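Here is my note on the model for your reading. Keep the viewer open and follow the points one by one.

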Amino acid sequence: MTRAAPEAAALGLVVQGVVQGVGFRPFVHRLATAERLTGWVRNSAEGVEIALYGNAAGLARFRRRLCAEAPPLARIDGIREQAVAGGPPAGFTIRESAPGDVRTAATPDAALCADCRREMLDPADRRYGYPFLNCTNCGPRFSIMHGLPYDRANTSMRRFEMCAACRAEYDDVGDRRFHAQPIACPVCGPTLWLESSGAPAPIATGVEAIAQTQARLRRGEICAVKGIGGFHLVCSAVDCGAIDRLRDRKRRPSKPFAVMVRDLATAERYCLLGEAERALLAGAAAPIVLARRRPEKELPASLAPGLDRLGIMLPYAPLHALLMARFDAPLVMTSGNARGEPQATTNERARADLAPFADVFLIHDRDIVNRVDDSVVQIADGEPQVLRRTRGYAPNPLPLPQGFPSDHPQVLALGSDIKHAFAVAKAGAVVLSQHIGDLTGVRTLADLDANLRLYRDLYALDPGLIAADPHPGYRSSEVARALAGRQGAELIEVAHHHAHAAACMAEHGLALDHAPVLALVQDGIGLGADGALWGAELLRCDYRTARRLASLKTAVLPGGDLAAREPWRNLLARLDAAFPDPSAWPAVYRHALARRPVDTLRAAMRAGVNAPVCSSAGRLFDAVAAAVGLCPDRQSYEGEAAMRLQAAAERWIARRGRPQGYRFAQASEGHLAIVDPDPIWRAIADDLGRDADPGEIAARFHAGWARIWAATVKAVAHPDQSPTVVLSGGVFQNALLASLMASDLGASGYAVLQHRDIPANDGGLALGQAVVALARHRAAGK
């Protein structure tokens, strides 16, 4: 008896997610060929479309293997079946991209892969020493992208015509560079050269330019280097003179510098790395990783004054790897920008802005279309926590949680003014933009406008909802109001701390109809639902609503915005609340503030002159740092005092363990529970009087702050309350505090959710705004 031939069948698939620019089409080609299927694959505005013909068993195996064996840079968010038109072709082909309404994701840039690194360092390879090699597993993506689909014609590589050898690799489905859009070699690709500051003419090119740059770095010079997403200012990380000159030229007295090391082994020499840190450093995103320094290894303290953590990264671009290959020391790699300005991306802007800082420029002619700063990540409680989400991470999409319909109105959320990032929500996913920066200057605002146009074009965005912070003075909110007016979109204002909480909820995929959770949101400042300035709040919230259950006792911000820059002002305000009569202040505080205009500021506080009231956790941390002499006068960068306080506490706890925390008081104002820090000031004064280590005081403050909030959560929670507590806001970038808080809450039976992939600071705010806007719109039945 003859076996019947397998029944022929057809299958059409649309794959959505991070599937363009990651080698997905050649992967599909190889998989279909292995399963003896015919058909075609192509990029489309929705993602990747696949048409398959063959026997049912082969189609079923293909479908299973598609997800299980996807390329390393790919991320499949969804697969939808669709009808297939026409009969089966003779073989399997890769077709030209199809136009349409954009639903796919732009792909983040990826660090140099091991195969390309091997070729680049092989004298027998045709790309030996070439700083622009790449393949489908690595190289620039979003930074060179003009639009979607991700084809060479939509990137800044379109002006470089492929040579015959590159074209053959590009067309060979079995080659690692099959359809690698930025493919290049020394014959046909971008060119590198070195020029002196103020003299835009090459003094060396190619390999010789790299050799001369290395020689100048060894002599202590500062070099501006054009990277993947912008320029860096570079100097030797072991040359104290060069570091001091860079700090002096940039007017950056103490903000930490990031350091690039040659490889993991070198990173291990200088920092204490666990498996999680090593995986981050060597991964495709290759972020800056905050890691503890080895105390026995003497890197200059001026790299990160007052801190025990160092931001380190590995060479993620071929140019970086070539620079490090014959350079025996780590290199400082800090953003190439004037103070308060975005990182330079064009050669012209770099020459104009960076000439006062750099002695030479290492430049190339591949245009950076989209600025992408280096991402920053730390390990907190054994897991990665993204602090700045940009190169390697943005603009990866996040699926909306269960319950949000895929046919929702499009949303544009404008975030905050600090650490700005915006978000777009469309077709069941949210795309959080790369880090834009602080919206304090004309160029950053222009950069925001350019990126809004870019995302509008990339994602065919036509928002029906525009979400914004309610703060009337935020530039981001002004932009939101203007856009809503011009486009006829509905403007939805989302309270600052509700947006923080919702961002963490959405990141963890809590469903739209999830029971309300408790959210501890602590930051510097944000406009509360009552129009007051909040900064340390316990909320009971879902995506639609938020109700405040507890807060930190308020204090005046003497001098308004100056209080965020000068920690001693916050110490004065807290002492004035705890000891209304200055003559009753403990002697250590009278001495610490002896040269300050105490009487003048107290009078202004009483009169309400430039003295807003706020429940800011960030300003309380500043006050404690000032009390113990850590950064008392003026912060040279945001968060400096709190970071020094954290570092001192971590050093002490590493030696002695968790101490007995300071005792805070608990009070109430109506239905609102109040955490009152007044009692800690006498205890801190007593410790200062016995010459206690500042680290002990810092550790006792951290321990007491965590314990009082865990106790407050337990005291105010309803018996039927969901056992989930969300931690959000910039204060929870403090890994020590987050760990102590999670431990204390966990001991009381709560499940604690912390930010991991989305920043806890205002860089993640737009995600929360977007989901709250959608939830409210749906609840209104619109």
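**Notes on the model**

1. Start in helix H20, where Trp705 and Trp709 both sit, four residues apart, about one turn of the helix. Helices here are DSSP runs of H or I with at least four residues, strands are runs of E with at least two, and both are numbered from the N terminus. This is a predicted model, in which local features need pLDDT of at least 70 and side-chain atom pairs count only at pLDDT 80 or more, while totals for chains, interfaces and linings use all residues. Residues are numbered from 1 along each chain as its sequence is written, and side-chain values use heavy atoms, with hydrogens and water left out.

2. Buried or exposed: which are these two Trp residues? Trp705 counts as buried because its relative accessibility is 0%. Trp709 is also buried, with a relative accessible area of 0%. The cut-offs are under 20% relative accessible area for buried and over 50% for exposed, with partly exposed in between (1.4 Å probe, protein chains only).

3. Now the aromatic pairs. Rings of Phe, Tyr and Trp (its six-membered ring) pair if their centres lie within 6.5 Å; planes under 30 degrees apart are stacked, over 60 edge-to-face, and the rest tilted. The count by this rule is 13 aromatic pairs. One of them is Phe664 with Phe701, a tilted pair at 6.3 Å centre to centre and 50 degrees between the planes. This pair links distant parts of the chain, 37 residues apart: Phe664 is in the loop between helix H18 (640-656) and strand S29 (665-669), and Phe701 is in helix H20 (residues 694-716). Both Phe664 and Phe701 are buried. Trp705 and Trp709 make an edge-to-face pair, with 5.7 Å centre to centre and 70 degrees between the planes. One aromatic cluster takes in Phe621, Phe664, Phe701, Trp705 and Trp709.

4. Next, look at strand S8 (residues 223-226). Side chains in a regular strand alternate between the two faces of the sheet. In S8, Cys223 and Val225 point one way, Ala224 and Lys226 the other, and all are buried. Two strands pair if DSSP finds at least two bridges between them. S8 and strand S9 (residues 231-236) run antiparallel, joined by four bridges. A hairpin of four residues connects S8 to S9, and Lys226 stands opposite Phe231 in S9. S8 also has three bridges to strand S15 (residues 360-364), and these two run parallel. There, Cys223 stands opposite Val360.

5. Check two charges over rings. The rule asks for NZ of Lys or CZ of Arg within 6 Å of the ring centre and within 35 degrees of the ring normal. Arg247 lies over the face of Phe257, at 4.1 Å from the ring centre. Arg391 lies over the face of Tyr316, at 3.4 Å from the ring centre.

6. Finally, the domains. Their bounds come from an automatic or database domain assignment. The chain is split into domain 1 (9-94), domain 2 (192-376), domain 3 (394-506 + 762-781) and domain 4 (551-754). How far apart are the C-alpha centres of domain 1 and domain 3? They lie 33 Å apart.
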